[in-house]
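Here is a short briefing on the strand pairing and helix packing in this chain. Have the sequence and the 3D view open as you read.

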Amino acid sequence: MPDIHVLDSHVADLIAAGEVVERPASVAKELTENAIDAGATSITVEISHGGMTFLRVTDNGGGIPADQLQTAFLRHATSKLRTEYDLEAIGTLGFRGEALAAISAVSRVEVLSRTPDAPLGASLSLEGGVPGPVEEAGCPLGTTMVVRDLFFNTPARLKFVKRDAAEGAAVFSVVQRLALSHPEVSVKFIRDGKQELLTPGDGQLKSAVYAVLGRDLALGFRPVHSSGEEMTVTGFVSMPACCRASRSWQYFFVNGRQVKSKLMMAALEEAYKNQKMVGKFPGCVLHLNTKLSAVDVNVHPAKTEVKFGSERQVFSAVYHGVLSALEADRSRPAMDLGEQTRLTPSPREQLAAAQTRLDLSAPLRPAPRVQSVSPTPVAHTPSVQVRDSAARPVQPVSPPKANSTISSKYVEPPVPNPTASAPKPEKPICSAPVAPPPVEKPRPASVPAASTVEEPAPQPMEQAAPWRVAGEVLNTYIIVEQGDRVFFIDKHAAHERMNFDRMKAQGYDPMAQTLLTPVVCRFGQQEMEVLLDHKALLGEFGFDLDELGGQIAVRQAPFDVATGEIEATLTEIAQKLLTTGSADPAAARDDLLHTMACKAAIKGGWKTSPPELERIARAVMEEGVKYCPHGRPVAIELTRNELEKQFKRIT
């Protein structure tokens, strides 16, 4: 067994830094929290190159005395704790005494600080945790921390650092949460010389929400205020009609500390139950204030997770506070008649309506079957009973050429011509496609009819039971009968899979449309950065977008995405790119294909023509479509026995 020894102090500092400092956003979080604890009412955060080469935090707090500057950068040095009993009621954001030591261990740090009773300030420089001499310096009241060349002495950590835009977005997100957690503090954020955020610091949470989240989102919020059981819940929640496709606008704070709480999130969304659309999530800025001893904040190195003494009370306080705010709101969603409102159907809807009218005006006839290139017998041979025997026979369709780029897997059957001179048959009992009459294969001339050469007899092929489309219910589910079984097919899920398979095999060539008026969309900072980073990939899918004043202007969109769905579609794409885009480009492309296949698919509730229902049913019954791209089954089966048991015909 190797000898046990005590780690070198420098190695120990690097290990501790790995727990506290993951990226520039971690540095910004620790330094701004120290500024808040120092009583600052104004904080400025400046970064360059995503914060990797330069990050400066300036505050007007109480400052650090000159004789304590070097001590402040030692491990476990803190002014916020004295005894073990202080851990039972932590009222400060920082308390471990590890932040400054961890940051200085992996960077070059310069600090300027002056206390109210000192005529001059003091400066100190550190490199890799090694401090230099403390010198006098002229500086304003408060503290200025400059962090340069993060991870310069730990190159192994650099490979985990993302692009400057992504790291800068993470720092911005930290500053936004700081502004929302302490509206009494004026917060300024400057990136590469450009000011991107400034809050008034007037103590009004609504002012901070307006500055951080924007006017549109702030106007869609409703105030929350409830108290009871030694807890108060205050803040704002979005109206049910203003819910979004992600949880990126949910902010939770406990005693002024930004936290990630599944308990509070569950209580929030439970209050919206039966009031919001499925797949949409409410936004919120909620502050929970309770006794310091009722919360344990010492459960995570980054202090973003907390443990409550009474989870039931917390859940009840958040749930009833949000529910009361929603019930007190008597307003109704207003009709939007702006320029983005489409008063006429979209081109896709017009095309679908035209096809429906054409199909309904024609007699319902069996669609001709597309023959496979392979000469093997066709398994699907339903029998069709037609009362009028004078109906014209269906002619076989020639198979596609071998070098054709059009897949024969999902070929839409041609629409019958209602002006044909042949007598019109009545509606057939079965609407399944009719197999063409067998064509006798001619014998080669080189082989005599009485040849003794025996050709191998064809092996009998198992014939699948014939199926027929029995109808559609709720404009969503296709009913197919096959032997003693009945299938219910989700037409949207099946069509989505058909689109995805086709796009995957042939490539997605979108029919894009240039918008007369660009659609301006507001996203979270990380969502906006990831969309702009993948601008070229989005361009392949028909989107043309660029940044416009901290928002995104969409100038072109795919034909399948309605104008009113552009923001929701891009939000969904951004969330997928944030999880898979950077790690796996192929998975990111598949995720975009999922989204576009869904947008191009027939929707549940749409009226669909019989030939289209037939085509979808054929894909499920014959061509192996089983699951949609998201994993949901496209069909469920009900047997005769199961059905007759429900009617008590059998036991």
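The model is predicted.

- Four strands make up an open sheet, ordered 17-18-19-23. Their pairing is antiparallel.
- Strand 17 (467-473) and strand 23 (635-639) are the edge strands. Each of them pairs on one side only.
- On average, neighbouring strands of this sheet are turned by 25 degrees against each other, direction ignored.
- In general, side chains of a regular strand alternate between the two faces of the sheet.

**Inside the sheet: strands 18 and 19**
- Six bridges join strand 18 (residues 477-482) to strand 19 (residues 485-490), in the antiparallel sense.
- Which residue in strand 19 is the bridge partner of Tyr 477? The partner is Asp 490.

**Helices on the sheet**
- Helix 12 (residues 491-506) packs on the sheet and touches strand 17, strand 18 and strand 19. The direction of helix 12 makes about 70 degrees with that of strand 19.
- Helix 17 (residues 610-621) lies across strand 17, strand 18, strand 19 and strand 23. Helix 17 runs at about 125 degrees to strand 17.

- Strand 10 (residues 221-228) pairs with strand 11 (residues 231-238) over eight bridges. The sense is antiparallel.
- Val 224 has Gly 235, in strand 11, as its bridge partner.
- Two residues sit between the strands of this hairpin. Glu 229 takes a positive phi there, near 55 degrees.

Definitions and conventions: Residues numbered from 1 in each chain as written. Predicted model: local features only at pLDDT ≥ 70, side-chain atom pairs only at ≥ 80, totals over all residues. Heavy atoms only, no water. Pairing = 2+ DSSP bridges. Axes fitted to C-alpha atoms, helices over the stretch in contact; angles between N-to-C directions. Contact = heavy atoms within 4.5 Å.
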